[in-house]
Amino acid sequence: MKLKITDIIALSPSIRQFTLADAAGALLPTASAGAHILLRIPGPERVWRNAYSLVSSPEDRHAYKIIVRRVEHSRGGSVWLHDHAAIGEVVEAETPQNLFPIPRTAQKHLLLSAGIGITPMLAYLQVLRKPFELHHCGKLEDAEAFARLLPATPNVVLHTSRNTLDLEQLLAHQRLGTHLSVCGPESFMDVVLQTAQNLGWPGAKVHKESFGGATGGAPFVARLRRSNLTINVGSDQSLLEAIEDAGLAPPSLCRGGACGVCETALLEGIPDHHDHYLSETQRACNNTIMPCVSRAKTPELVLDI
Amino acid sequence: MNKSRPLYKPFALDLTGREHLVVTDQSEPPVTLDLTLSNISLWNVRTIAPGIQAPPAGRHRAFRAVPEMHAFLTHHLARASVGLRLYALGSEPFIWDTYNIGSAAGLTSAEMFLTQSGPPRRRVYCCHCKTMIGDVTQTIALCPGCGSSLQVRDHFSRRLAAFMGVKVDAEIPGDIPLPELLAS
Ligand code: FES
């Protein structure tokens, strides 16, 4: 679908909120809290496909809102949105998907976020009907930007240094009906998940958002056996993006190695797995790969597509 | 094989948990537990007769009866923290009542473990007058509510923690087969 930027608000020098409406003025598809949208952002050499959580109210069908941090040495996308995108600009987007829905059976929500990972929580806060507690970790200058978007209640705590958040203490004292939802950089989520696991949290009560985890890496070559194509995967793009740039349209959903939709059979080469989907055994077999996040340990991979 | 009939696994501690609470409606716990470990507790039901000392409260608690234990469990779970695993061992009505108390407190099926033990005793729900009949050991039960002779079905309701009982002589009144002992 085509979306038009109808408003841009600078929340801080490096964080902006964009409002997007249907380019033709139609109503937008509803997106439940926690949903993200994939934008196709024009870059100098290629199109970036970046996922952003919607922060707008899930009931609002007139506009989607996203919050974007300008990442200097990023894979692009955020820089274009900050430096080039102007009100009136039209961008291509895909219908929102939700891989981080509100856990419905929770009697209480414990929300933990870091950095720009606060964005899905902003959507949550507008619709949660059960008690909640939000702890956000971030830089001081960001905290001020986010503070304006958050309710000033005692159950919302901003930590400008990770030291003020005693994770163990927090996770060890939650009532049985509590569900934990976490969003932020991989390193942050790993610490939270590991701590929760050590304290006996069952997987069914821990929910994490993981999209757009692709960070790039060393370039390699991929041979697409059935399509009879050989492609170069650059250091700043994912294998999935390189396949898409070659004109193919393999299925994908989270683009963060979580959903398993992009799973592709691997015929030759050794993959460098970065996903959270495959089991240890599946990984060890070296015969399947999640091209949205995983790369190569060998100079070349041969894929069955 | 009736699909509604739950399948039970043999008792085993789930070591991913931080605290373990084992409850049983039997006087002798059907498993051996190392109660010197600080994160394992055992609750059972024990008839306290003159001369028999009630064990001190702590890791091991003995209750006079199941309702007392269940009332205490509700109270206990409302204050418990995520990380707890709850194990129920005993008769089917007991373990499913325990399960429902756990669910209401916010435990998921991944945090509760049920093991059936002891002779088969079923709680039967009379489909005609909604009376609950406890401790049924035979295939035919007499409903104290409406006087019907009920065939004890294998159909189990988790919500009621009971098996369905349906009039056995609905077709030909008075045609009641001989009851047999329940096999499971
Ligand atoms: S798209 Fe979800 S795992 Fe790759």
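B:Glu111 forms a salt bridge with A:Lys205, with the closest N and O atoms 2.7 Å apart; a salt bridge is a side-chain nitrogen of Lys or Arg within 4 Å of a carboxyl oxygen of Asp or Glu. This is a predicted model, in which local features need pLDDT of at least 70, side-chain atom pairs count only at pLDDT 80 or more, and totals for chains, interfaces and linings use all residues. Residues are numbered from 1 along each chain as its sequence is written, chains are lettered from A and ligands numbered from 1 in the order in which they are written, and side-chain values use heavy atoms, with hydrogens and water left out.

The count between chain B and chain A is one salt bridge. On the side of chain B that touches chain A, the elements that give two or more residues are strand S4 (84-90) and helix H2 of chain B; helices (H or I, at least four residues) and strands (E, at least two) are DSSP runs, numbered from the N terminus. The contact, meaning heavy atoms within 4.5 Å, takes 16 residues from chain A and 20 residues from chain B. The size of an interface is often given as the accessible area lost when the parts come together. Here the area buried between the two chains is about 1300 Å², and carbon and sulfur atoms give 54% of that area; buried area is the accessible area (1.4 Å probe) that two parts lose on being put together, summed over both. B:Arg18, B:Ser81 and B:Val82 supply 41% of the area that chain B buries against chain A, more than any other three residues.

Just after the helix, B:Gly106 takes a positive phi of about 105 degrees.

Strand pairing is seen elsewhere in chain B. Strand S10 (residues 162-167) pairs in the parallel sense with strand S6 (residues 122-126) over three bridges, and in the antiparallel sense with strand S9 (residues 149-157) over five bridges; two strands pair if DSSP finds at least two bridges between them. Within S10, B:Gly165 is the bridge partner of B:Cys126, while B:Val166 is that of B:Gln151.

Side chains of opposite charge can pair when their charged atoms come close. Over all chains, the structure holds 22 salt bridges. One of them joins A:Arg255 to A:Glu244, with the closest N and O atoms 2.8 Å apart. A:Arg255 counts as buried because its relative accessibility is 7%, and A:Glu244 is also buried, at 13%.

In chain B, the side chains of B:Arg85 and B:Asp14 meet in a salt bridge (2.7 Å, N to O). This pair links distant parts of the chain, 71 residues apart: B:Arg85 is in strand S4, and B:Asp14 in the segment before strand S1 (19-24). B:Arg85 is buried at 1% relative accessibility, and B:Asp14 is buried at 17%.

Technical notes
Buried < 20%, exposed > 50% of the residue type's maximum accessible area, 1.4 Å probe, protein only.
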